[in-house]
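Please look at the model first, then read on.

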Amino acid sequence: MERIDTIRKISEELTNELVVCNIGFPSRELHHLKDSSTHFYMLGSMGLASSIGLGIAMSTSRKVVIFDGDGSILMNLGSLVTIFNQNPDNLILIVLDNECYGSTGSQCSYASTVNLGNVAKAVGFKNNFFFDGYEKELKFKEVLNTCGPVFVHIKVKPGNANVPVIPLEALDIRDRFMDEIKK
Ligand SMILES: Cc1ncc(C[n+]2csc(CCOP(=O)(O)OP(=O)(O)O)c2C)c(N)n1
Ligand SMILES: [Mg+2]
C-alpha cells in the first residue's frame with residue numbers, strides 16, 4: 001500500500017480522536033481524504049508531529065493519533081524517549097515508513113537500515129504493532145483498543161498521491177483545532 005491507502009484505511013476507523021499529521025504530502029493526503037476540525041495538519045516543521053501530539057495527549061483525555069513519517073521521527077528520535085517517560089495512555093504514534101523523504105523527492109532515509117520498531121522497543125515502548133503494508137493485515141481497531149502509548153510501525157510503498165495543497169491558513173488550522181479541543 002502507498003501512504004494514502006494506509007491513511008485512508010486508518011481514518012475510516014477514526015471517530016472523535018484528535019489527529020496530528022506530519023508535514024507535506026501526508027497532511028495533504030489526509031485533508032484530501034477527509035477534512036475535520038479534529039485534524040491538525042503540520043504545515044511548517046518536520047519532526048514535530050510527535051512532540052505536538054504528546055503535548056496534546058497530556059492536556060486532554062481524548063485519544064490522540066499521530067501520523068508521522070520515518071524521516072521525521074528520525075529527525076526527532078528524542079521524542080520517543082519523552083513519550084515513553086511521560087507515558088500517555090491516550091497516545092498512538094503511527095510511523096508511515098516509506099524509507100524516504102517522500103514529500104521532498106523521495107531521497108532515501110536511514111529507515112531502510114534501522115528498524116524503527118526496534119528503536120521504539122529499545123526505548124521501552126510496551127505496546128508495539130508492525131504492519132508491512134498489506135491492507136488485509138492492517139487491523140487498526142485493535143490498535144485503537146490498546147492502552148497507550150502505542151507505537152505503530154507501518155511499511156508503505158514510496159509515492160505521493162496527486163492531491164492539492166491544503167487551502168487553509170496555518171492559523172486557521174490551529175484555531176479550529178484549539179476550538180475542537182475546548183469542546
Ligand atoms: C526542519 C525541516 N527540515 C526539512 C524540511 C523539508 N521537508 C518537508 S517534508 C520532508 C520529508 C519528510 O519525510 P518523512 O517524514 O519521511 O515523510 P514522507 O513525506 O516520506 O511521508 C522534508 C525534508 C522541513 N519542512 N523542516
Ligand atoms: Mg518517509
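Two strands are said to pair if DSSP finds at least two bridges between them. Helices (H or I, at least four residues) and strands (E, at least two) are DSSP runs, numbered from the N terminus. The model is predicted: local features need pLDDT of at least 70, side-chain atom pairs count only at pLDDT 80 or more, and totals for chains, interfaces and linings use all residues. Residues are numbered from 1 along each chain as its sequence is written, chains are lettered from A and ligands numbered from 1 in the order in which they are written, and side-chain values use heavy atoms, with hydrogens and water left out.

**The sheet**

Strands of a sheet pair through backbone hydrogen bonds, either parallel or antiparallel. Here six strands form an open sheet with parallel pairing, in the order β2-β1-β3-β4-β8-β7. Its edge strands, β2 (39-41) and β7, each pair on one side only. Direction ignored, neighbouring strands of this sheet are turned by 15 degrees against each other on average. Such angles run from 0 to 180 degrees between N-to-C directions, and axes are lines fitted to C-alpha atoms, for helices over the stretch in contact.

Strand β4 (residues 91-97) pairs with β8 in the parallel sense over six bridges. Across this pairing, Ile 94 stands opposite Val 152 in β8, and Val 95 stands opposite His 153 in β8. β3 is also joined to β4 by six bridges, and these two strands run parallel. In that pairing, Ile 66 has Leu 93 of β4 as its bridge partner, while Val 65 has Ile 92 of β4. Strand β7 (residues 127-131) runs parallel to β8 and is joined to it by five bridges. Phe 129 stands opposite Val 152 in β8.

How many residues of β4 are buried? A residue is buried under 20% relative accessible area, exposed over 50%, and partly exposed in between (1.4 Å probe, protein chains only). Seven of the seven residues of β4 are buried, so this strand is largely enclosed by the rest of the structure. Leu 91, Leu 93, Val 95 and Asp 97 point one way from β4, whereas Ile 92, Ile 94 and Leu 96 point the other way. Strand β8 (residues 150-155) has five of its six residues buried, so it too is largely enclosed by the rest of the structure.

**Phe 67 in strand β3**

Phe 67 belongs to strand β3 (residues 64-69). Phe 67 is buried, and its relative accessible area is 0%. A contact means heavy atoms within 4.5 Å. Not counting residues up to four places away in sequence, Phe 67 touches several residues, including Ile 7, Ile 10, Leu 30, Ala 49, Ile 94 and Leu 96. Val 20 is 47 residues from Phe 67 in sequence, yet the two are 6.2 Å apart in space, C-alpha to C-alpha.

**The helices**

Two packed helices are described by the angle between their axes and the distance between the axes. The table gives these values for two pairs.

| Helix pair | Angle between axes | Distance between axes |
|---|---|---|
| α1 (residues 3-13) and α2 (residues 25-33) | about 50 degrees | 10 Å |
| α5 (residues 78-86) and α6 (residues 116-123) | roughly 45 degrees | within 9 Å |

α5 is therefore oblique to α6. Angles under 35 degrees count as roughly parallel, over 145 as roughly antiparallel, 65 to 115 as roughly perpendicular and the rest as oblique. α5 and α6 cross in a right-handed way; a crossing is right-handed if the near helix is turned clockwise from the far one by less than a right angle, and left-handed if anticlockwise. In this contact, Leu 80, Val 81 and Phe 84 of α5 meet Val 119, Ala 120 and Val 123 of α6. These residues divide into six nonpolar, no polar and no charged. Ala, Val, Leu, Ile, Met, Phe, Trp, Tyr, Cys and Pro count as nonpolar, Asp, Glu, Lys and Arg as charged, and the others, Gly among them, as polar. α6 also lies across β4, β7 and β8, and runs at about 165 degrees to β8.

α1 and α2 are oblique to each other, and their crossing is right-handed. Arg 3, Ile 4, Ile 7, Arg 8 and Ser 11 in α1 meet Phe 25, Pro 26, Glu 29, Leu 30 and Leu 33 in α2. By class, this contact has six nonpolar, one polar and three charged residues. Among the buried residues of α2 are Phe 25, Glu 29 and His 31. The buried residues of α2 pack against α1, β1 (18-21), β2 and β3.
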